[in-house]
Protein chains: 2
Amino acid sequence: MGGGAPVSVQSMTNTDTRDHAATLAQIDRFTAAGCEIVRVAIPHADALDGFERVCQGSPLPVIADIHFDHRLAIEAARRGAAKLRINPGNIGATQRVDAVIEAAGEAGIPIRIGVNAGSLAEEFHDRDWPLAQKLAASAEAFCTHFESRGFKDIVVSAKASSVNATIDAYRMLAGTLPYALHIGVTEAGTTFAGTIKSAVGLGVLLADGIGDTLRVSLTADPVEEVRVGWEILAALDIRRRGPELVSCPTCGRCQVDLVPIAEEVERRLRSIDTPVKVAVMGCIVNGPGEARDADIGVAAGKGVGLIFRRGEPVKKVPEGDIVSALMDEIASLDVE
Amino acid sequence: MGGGAPVSVQSMTNTDTRDHAATLAQIDRFTAAGCEIVRVAIPHADALDGFERVCQGSPLPVIADIHFDHRLAIEAARRGAAKLRINPGNIGATQRVDAVIEAAGEAGIPIRIGVNAGSLAEEFHDRDWPLAQKLAASAEAFCTHFESRGFKDIVVSAKASSVNATIDAYRMLAGTLPYALHIGVTEAGTTFAGTIKSAVGLGVLLADGIGDTLRVSLTADPVEEVRVGWEILAALDIRRRGPELVSCPTCGRCQVDLVPIAEEVERRLRSIDTPVKVAVMGCIVNGPGEARDADIGVAAGKGVGLIFRRGEPVKKVPEGDIVSALMDEIASLDVE
């Protein structure tokens, strides 16, 4: 992570960690969706056995997420965590934080210093600073302390549910810290609002070159977080998993029922790994232009679709055959 | 538009413009969702009568969207268009463009010069430039021509389906043109991918202070475009319509079934106009902090929710009563 490595996509299980089978099953779903790192909460000592078995069975590196009780972090480091995530501000006395640092050092694993607007250290509560400055100052102070203990295997996050505060905090940290940054907008909300807040916040940061790993937070099935994370990276051409679909918004010019066609093509493309570019266009204004620019495309006319392949029109098919004609052309690309 | 006016949200009808009743019904749905400007396609002369009746009946300013045939633009200006949108590159000979400019001048309405990667003027097809530069240069050349005809009531757009090309093109235009910019990522795709591409692209531009009006393009019900547009503006605290919902992603610490609670609260908040901030939080790590920061909030424990009002805990309710308790508190805020 960091140092020019690709921006990785992570998520967090929401199963009961004591139920290692359910947790591993969820991690398998994460993995299939493209998740590369998984975080698992250890809310209490009861969860440690489950956590250990999850670490043993997971195809992905497992990060232990711990709040309040430093002993859980120490134990997680001993039981196979690939990384610890703590918010030092809620761990308590300095010697407890230091004990966690020591345990991570012995295990040879990094620590993410995860500062969060909802659990900012007490000392910042009453300062008359913008939230972003509080978040950045808190994270920087923890880094300084970790360095004073000779520990530099650090990843830093500083999340707020405010997109602007999140952007400002990470811009500050990118300017002052040499460490990898885990970016995310916290408590972003439901699938609809949370997807948009995350895409705006992470999009602005990634477009600035900020961020080494990302987590989208949604109040939803966490598999959705992985899909949204990848789509944000794809939007900026940073990384892409599988095909790209370009499709038009339809307007009074469109003479086929385009929305179900585009939705069905998107659904079928999910099972294809090749990075093919597909254009589904409803009319002749931008249709042929976009379709030509794609590997495979269709520009619709009245009840028909003109199929393009690598810029060349190949055939005209009735509306009902557009999806299958596109998929046939895509399959034939694979064979080449 | 422009000159410090708030960034406006627009969309485009996808009904048959000849059917003025269906088009006006769709505009009513746009209006209810917060749309502020509506664009209507005039694909052929048959649509002019319907367009005229739409202009007469619409509660929103109506922009005529015209390609290829300059006579349709001239006629639309005479029949009540609040603005013309053309891509001068596909209107043909200069004297045809000039006739449109003259008609807009006589009607006292602006023209949007809408350059689009899918319908770029022929002269740019073979240049070895990045797409963004082609888009910006094409838009700038049209502006120069319009100015040479004494016409400066211009809005400019330069859209690509590539988010990066769109961002780069608008950054160039923001540096060179004095005109209002209509921003959007074109042919962004289905609801899922298109929402994310639009949020990333428009988010980056808006965070830079670029953009006077926006249109989200989705292959979906265009009402969804309006909702996404508002959510992008809200994400950056630029403008907000109604309430804000903060909710957590849930994790192994969450002891209530939070996703349906948050979804239900989001659904009920849609009918509320007051800009109340509501937090739905699943545990005690960040829950009380976020809930305190909201007007109304809940931090869930095991099968219960602690309701907060303006930072103060007010009562503990069983899981099944969380939604109604939150809505009761929100309603009582309105009464104050």
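**Entry 1: the loop with A:Pro178**

I started at A:Pro178, which sits in the loop joining helix 6 and strand 7 of chain A. I am working from a predicted model here. Is A:Pro178 buried or exposed? I found a relative accessible area of 68% for A:Pro178, so I noted this residue as exposed, the cut-off being over 50%. I then looked along the chain and found A:Gly2, 176 residues away from A:Pro178 in sequence but 9.6 Å away in space, C-alpha to C-alpha.

**Entry 2: helix 6 of chain A**

Next I stepped back to helix 6 of chain A, residues 163–176. I checked its length: 14 residues at 1.5 Å a residue should span 20 Å, and the end C-alpha atoms are 20 Å apart, so the two agree.

What caps the N-terminal end of this helix? I found A:Ser162 there, with a side-chain oxygen 3.4 Å from the backbone nitrogen of A:Asn164.

I also listed the buried residues of helix 6 of chain A: A:Val163, A:Ala165, A:Thr166, A:Ile167, A:Ala169, A:Tyr170 and A:Leu173. Then I asked what covers them. From chain A, the cover includes helix 5 (131–148), strand 6 (154–159), strand 7 (180–183) and helix 7 (191–207). Helix 9 of chain B is part of the cover too, and that sent me over to the other chain.

**Entry 3: where chain B meets chain A**

I looked up the contacts and got 69 residues of chain B touching 69 residues of chain A. The area buried between the two chains is about 5600 Å², with 58% of that from carbon and sulfur atoms. Which three residues supply more of chain B's share than any other three? They are B:Glu187, B:Phe192 and B:Thr219, which together supply 12% of the area that chain B buries against chain A.

**Entry 4: polar and charged pairs**

I then went through the pairs across the interface. There are four salt bridges between chain B and chain A. One of them joins the side chains of B:Glu244 and A:Lys197, at 3.8 Å from N to O. For polar contacts I have 14 residue pairs between the chains, with both residues at pLDDT 80 or more.

Which elements of chain B supply at least two residues each to the side that touches chain A? Among them are helix 7 (163–176), helix 9 (222–235), strand 9 (244–247) and strand 10 (277–281). Helix 8 of chain B gives the most, with 11 residues. By class, I noted 31 nonpolar, 23 polar and 15 charged residues on this side of chain B.

Methods
Residues numbered from 1 in each chain as written. Chains lettered and ligands numbered in written order. Predicted model: local features only at pLDDT ≥ 70, side-chain atom pairs only at ≥ 80, totals over all residues. Heavy atoms only, no water. Contact = heavy atoms within 4.5 Å. Buried area = accessible area lost by both parts, 1.4 Å probe. Polar contact = N/O pair within 3.5 Å; in protein donor to acceptor, adjacent residues only side chain to side chain. Helix = DSSP H or I, 4+ residues; strand = E, 2+ residues; numbered from the N terminus. Nonpolar A, V, L, I, M, F, W, Y, C, P; charged D, E, K, R; others polar. Expected span 1.5 Å × (residues − 1). Buried < 20%, exposed > 50% of the residue type's maximum accessible area, 1.4 Å probe, protein only.
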